[in-house]
Amino acid sequence: MLRYVYAEDLHRFPKLRDTMFRDRADQFSARLGWEVNVDENGFETDQYDALNPLYVIWEMPDGTHGGSMRFLPTTGRTMINEHFSHIMGGGTVESPLVWECTRFCLKRGAPAHVAAALMLGGGEIMEGFGIVNFVGVFDARMVRIYRMIGSSPDVLGSIGEGRDQISVGLWDFTTEAKAKVAARAGLTAEQSRMWFENSFGRAVQPSDTNWAVRALA
């Protein structure tokens with residue numbers, strides 16, 4: 001199932017939290033060899049996890065992490081504006097209608113539908129919070145995954161070549177795209193919306209895009 005959890009609420013789901021950060025260490029440090037911080041608990045975290053981001057997490061039947069993404073509004077601090085603006089020619093992305101998506105992570109050996117389910121969760125955030133686009137940095141290996149899921153971004157800029165290429169992408173979520181992603185995830189639109197509403201109680205209105213506004217019933 002999909003869970004939507006703010007960082008300040010992760011303590012309510014200790015198994016989910018701990019396995020998420022350990023799976024991030026496994027993916028980004030062990031498998032991809034990125035220069036990331038892994039602490040004595042085996043957790044991969046960074047400064048943006050301290051900004052109370054919203055996580056979309058696929059919870060496995062045993063309560064562990066199967067995959068996740070992290071979201072922050074571009075009106076505040078974001079990785080793309082502070083570390084990757086050169087990919088866009090020095091520009092930045094700052095809008096209450098655009099959120100940054102980072103740390104797309106899949107548990108080693110995760111079922112094939114998990115990636116699509118996470119993308120579907122991102123679409124629920126767009127609809128529920130009145131968001132127009134997500135922006136994020138991705139590497140060459142993700143191009144095939146996005147195409148397979150049916151949710152490829154518009155590329156705003158790229159650096160590097162081949163497997164070393166890094167790009168900035170902008171995602172929207174049309175009705176057609178939602179149907180494709182839901183089919184790939186093996187989920188109905190009703191099931192997906194129920195999980196979102198279980199977390200927030202009601203859909204957030206577009207005027208509620210201030211990060212301080214919490215949509216908990």
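What percentage of the 217 residues in this protein is buried? Buried residues make up 52%, where buried means under 20% relative accessible area with a 1.4 Å probe, protein chains only.

Hello everyone! A word on the model before we go on. It is a predicted one, where local features need pLDDT of at least 70, side-chain atom pairs count only at pLDDT 80 or more, and totals for chains, interfaces and linings use all residues. Residues are numbered from 1 along each chain as its sequence is written, and side-chain values use heavy atoms, with hydrogens and water left out.

Now the overall fold. We have 6 helices and 7 strands, taken as DSSP runs (H or I, at least four residues, for helices; E, at least two, for strands) and numbered from the N terminus. The order along the sequence is β-α-β-β-α-β-α-β-α-β-β-α-α. Of the contacts (heavy atoms within 4.5 Å) between residues at least 6 apart in sequence, 69% join residues at least 24 apart. The C-alpha trace spans about 45 × 40 × 35 Å along the principal axes.

Let me take you to strand β3, residues 65–73. This strand is mostly covered, with 9 of its 9 residues buried. On one side, β3 pairs with β2 (residues 54–59) in the antiparallel sense over 6 bridges; strands count as paired if DSSP finds at least two bridges between them. Valine 56 stands opposite methionine 69 there. In the hairpin of β2 and β3, 5 residues lie between the strands, and glycine 63 takes a positive phi near 85°.

β3 also runs antiparallel to β4 (residues 98–106), joined by 6 bridges. Here leucine 72 has glutamate 100 in β4 as its bridge partner.

Note on methods:
Buried < 20%, exposed > 50% of the residue type's maximum accessible area, 1.4 Å probe, protein only.
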